[in-house]
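The sequence and the structure come first.

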Amino acid sequence: MSRRPQIFGKTLFVDLMMSTLIVVTALLIISSDDEKQARQRTHIQAEGKFVIVMTWPDGSRDDVDLHVMSPNDKDVYFSSREVDLMHLDHDDRGARGDSVETAEGTVIADSNEERTTIRGIIPGEYIVNAHMYYKLDDDPTPVTIVLYKLIGRDAEVVRKVRVLEYRGHEQTAFRFTLDAEGTVSDINELPRRFIGGGAD
């Protein structure tokens with residue numbers, strides 16, 4: 001009884017499968033290394049230990065100001081942008097200043113955001129307020145204020161929403177305490193006004 005000849009022997013088949021596996025594995029490793037290098041090239045070391053970010057609706061004409069009081073009772077805001085190792089990155093005035101004319105047309109950046117970076121830790125209590133400097137929109141304006149910890153892996157610590165209804169309206173978003181190592185404690189919402197002083 002004659003046997004059919006085998007075109008591929010077992011050894012040849014195993015060798016072919018192993019070669020394919022090696023090539024696929026090598027491609028995955030190269031791809032992973034490329035992605036890792038791309039991430040390293042595009043990673044920007046964030047300056048600071050903490051950052052407080054305040055946002056309100058895109059396209060809003062309202063001028064909302066972020067105020068952060070240090071443990072030394074010094075307020076960082078648009079008129080005093082650097083105090084006690086804190087700085088305000090940008091004074092956003094709502095829709096004003098959100099567009100520029102170029103030869104190619106109008107360029108618009110209609111997001112509304114202010115952020116204060118805490119570059120070094122002064123132990124003690126920090127107070128974060130939102131203040132309606134100028135009101136142009138008809139409806140009340142919801143304002144979101146978030147504290148992020150930048151030490152180690154970036155993490156959201158606290159998020160609050162306040163609604164500002166009229167020009168001069170000011171609300172405390174939150175207070176928090178830092179120790180020398182940057183540990184956050186005693187998060188609370190006890191109000192304190194910066195503009196005009198006193199409680200809310």
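## The nonpolar core

A nonpolar core is taken here as a set of buried Ala, Val, Leu, Ile, Met, Phe, Trp, Tyr and Cys residues joined through side-chain atoms within 4.5 Å, where buried means under 20% relative accessible area. In this predicted model, the largest such core has 26 residues, and those that touch the most other members are I52, M54, V128, V143, I145, F174 and F176. At least two residues of this core come from each of β1, β2 (63-69), β5, β9 (124-134), β10, β11 and β12 (170-178).

Beyond its neighbours within four places in sequence, F176 is in contact with a set of residues that includes I52, I118, Y126, V128, L147, V184 and I187, and also G124, E125, S185 and D186.

## The open sheet

Six strands, in the order β4-β5-β8-β1-β10-β11, form an open sheet with antiparallel pairing. Because β4 (82-83) and β11 (155-164) stand at the edges with a single partner strand each, one side of each is left without a neighbour in the sheet.

## Pairings of β10

Strand β1 (residues 50-56) is joined to the antiparallel strand β10 (residues 141-149) by six bridges, with T144 of β10 as the bridge partner of T55. Nine bridges link β10 to β11, again in the antiparallel sense, and here P142 stands opposite V163 of β11. The hairpin of β10 and β11 has five residues between the strands, and G152 takes a positive phi near 75 degrees in this hairpin.

Methods. Residues are numbered from 1 along each chain as its sequence is written. This is a predicted model: local features need pLDDT of at least 70, side-chain atom pairs count only at pLDDT 80 or more; totals for chains, interfaces and linings use all residues. Side-chain values use heavy atoms; hydrogens and water are left out. Two strands pair if DSSP finds at least two bridges between them. Helices (H or I, at least four residues) and strands (E, at least two) are DSSP runs, numbered from the N terminus. Buried means under 20% relative accessible area, exposed over 50%, partly exposed in between (1.4 Å probe, protein chains only). Contact means heavy atoms within 4.5 Å.
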